[in-house]
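Work through the exercises below with the model open. Each task is followed by a solution in steps.

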Amino acid sequence: MEAEELLVLVARGDQKAFEDLYGLVSGPVFGLVRRVVRDPAQSEEVAQEVLLELWRSAAKFDPERGSALSWVLTLAHRRAVDRVRSARAAGEREQREALRAGEPAFDQVAETVEAGLEREWVRRCLDRLTALQRQSVTLAYYDGYTYREVAERLKLPLGTVKTRMRDGLTRLRDCLGGAA
Amino acid sequence: MSLVGRLLHREDLHSLAAPYALDALEPGERRRFEKHLRDCDRCADEVRALTEDAVRLAWSTAAPPPLAMRDRVLAAVRATPQESAPIPEHTPQLPPHVWGAQPPPARVRARRPLFVPFATATATAALVVASLFAVQAGRTQDQLDAERAQSREIAHVLAASDVRTTSYEDAQGRSIGAVTSVSEGQAVVTLSGYGTPSNGRVHQLWLMRPRVQPRSLGLFKADTPLVATGLGRSATSLAVTVEPAGGSAQPTSQPIVQLALKSVGFGE
Ligand SMILES: [Zn+2]
C-alpha cells in the first residue's frame with residue numbers, strides 16, 4: 001500500500017497500518033535525522049519522536065499539499081533541524097566543532113543498496129551545481145544552518161544566498177527528474 | 001508601515017520560499033512566512049515544488065534504524081492518543097503492554113496499571129515510559145508496591161509541561177537516561193547494563209554544578225528508575241559513581257558515567 005493510503009488509515013487509529021507505514025518510512029526518517037543531528041543517541045530520540053508524531057497527527061496530512069513521503073520527511077527534517085539548533089544554542093561544543101570540521105557530506109552513514117544508488121545520483125547532481133549553490137543548499141539542509149548563518153559562513157549577502165538556494169534546488173530538480 | 005514599505009516587505013517575504021523549503025528560516029521568520037503563505041499563491045506553489053526537491057536530498061540519506069526502535073515506537077503508539085481522537089470518558093491509563101516488547105506475566109497484567117494518567121504525558125514521555133518499564137516483568141508483589149509509590153513521583157515529572165528527555169549509551173550498550181523538568185527541578189534517571197556492583201557496593205547518583213561540591217541524589221536499587229529532586233537551573237550534569245554500601249557523603253571514585261543536562265534546558 002502507498003504511504004498516502006496508509007496515512008489515511010493511521011489517522012483513523014489503525015495500528016496495523018502504522019506498522020506498515022513504519023516499514024516504509026523509518027529508514028528514510030532515521031537516516032535523514034542522523035544526517036542532520038549526527039549524535040547517534042539523539043538521532044534515535046528525534047527519529048522516535050517523529051515517528052510517534054506521525055501517529056498522533058496523521059489526520060493533519062493533506063494530500064493537496066504534496067506527497068505523503070515528502071510530508072513525512074519534511075516533518076522529520078524540521079524536527080532534526082530544531083534539535084541540532086537547540087543543541088548548538090546550548091553550546092554543545094563538540095557538536096559544533098564536528099559541524100565546523102565539515103565532515104564529508106555523504107560517506108558517514110551506513111547505507112542500504114537502494115539508498116546507495118539514490119545517493120550516488122544525488123551526489124552526481126550536486127556536483128553539477130556551482131560551488132556556491134551546492135554549499136548554500138547543503139549547509140542548510142544537511143547541517144541545519146539558517147540562511148543567515150549560511151550567508152555569514154560563505155561571506156555572501158543574504159539576497160545572494162536565497163537566490164543560490166533556489167537556483168540550486170531548481171537545478172537539482174532538472175537533474176534528478178529522471179531518477180524517481 | 002508605508003505602502004512602499006509594505007510592498008518591499010512583501011517582496012522580501014516572496015524571496016523566502018527556498019530557505020523555507022530547506023528549513024533555513026529562524027523561528028520568527030518561519031512563522032511570518034507561513035502566514036504569508038496562506039494568502040500568496042505564488043509562494044505556496046513555489047514552496048510545494050521546492051519542498052519536493054529538498055526531499056530528494058533526504059532520500060539519499062536513508063539508513064536502517066536500530067531494530068529496538070521499532071518495538072519502542074510501536075509500544076508508544078499503543079499508549080498514545082491521536083490528536084483527532086475524541087476525548088475518552090475515562091482518564092486513559094497506560095496499558096500493560098507498554099511495559100515492554102515482551103508481554104508481562106499474567107499476574108502483573110491483571111493488576112491495575114501502575115502508571116500515569118496519560119492524558120498529560122507527552123509523546124516523548126510515552127517512549128520513555130515504554131523503555132523504563134520494559135524491565136518490570138517478573139517483579140514481586142513488594143517490589144510492585146514500592147514501585148507504585150515511586151511511579152506517582154515519576155508521573156509528576158512526566159506531567160510537567162516542560163518534560164524533556166536525554167540519554168547516553170556507550171559502545172558496550174550500557175546506558176543512562178533521564179526524563180527531566182526544569183520547572184519542577186526534577187529528573188527520573190535510569191541506569192541500565194551496569195549490573196550490580198560487587199561486595200555490597202552501590203551505584204550512587206550525583207548532581208554536578210559549576211564550582212560546587214557534588215550533591216548526592218540517591219542510590220540506585222537494581223534497575224529501578226531513581227527520582228532526583230531539587231535540581232536547580234545551574235545543574236550541569238548527572239554523574240554515577242560506585243560507592244561503599246549505604247553510599248557516601250562525597251564521591252570516593254571517578255564517575256562510571258556522566259550525563260550532560262544542557263540539551264534539556266539546565267545549566268544556566
Ligand atoms: Zn509570496
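**Exercise 1.** State what share of the contacts in chain A with a separation of 6 or more comes from residues 24 or more positions apart.

Solution. Take a contact as heavy atoms within 4.5 Å. Keep the contacts in chain A with a separation of 6 or more; residues 24 or more positions apart account for 63% of these.

This is a predicted model, in which local features need pLDDT of at least 70 and side-chain atom pairs pLDDT 80 or more, while totals for chains, interfaces and linings use all residues. Residues are numbered from 1 along each chain as its sequence is written, chains are lettered from A and ligands numbered from 1 in the order in which they are written, and side-chain values use heavy atoms, leaving out hydrogens and water.

**Exercise 2.** Determine how much of chain A is buried.

Solution. Buried means under 20% relative accessible area, with a 1.4 Å probe and protein chains only. By that cut-off, 51% of the 180 residues of chain A are buried.

**Exercise 3.** Identify the donors of the zinc ion and the geometry of its site.

Solution. Step 1: donors are N, O and S atoms within 2.8 Å of the metal (3.2 Å for Na, K and Ca). B:H14 (ND1), B:H36 (NE2), B:C40 (SG) and B:C43 (SG) coordinate the zinc ion at 2.0 to 2.3 Å.

Step 2: along the chain, these donors are spaced H-x21-H-x3-C-x2-C.

Step 3: four donors count as tetrahedral if all angles lie between 85 and 135 degrees. The zinc site has angles of 106 to 112 degrees and is tetrahedral.

**Exercise 4.** Why does B:H36 count as buried?

Solution. B:H36 counts as buried because its relative accessibility is 5%. B:C40 also counts as buried, at 3% relative accessibility.

Notes: Buried < 20%, exposed > 50% of the residue type's maximum accessible area, 1.4 Å probe, protein only. Tetrahedral: all angles 85-135°; square planar, octahedral: opposite > 155°, others 65-115°.
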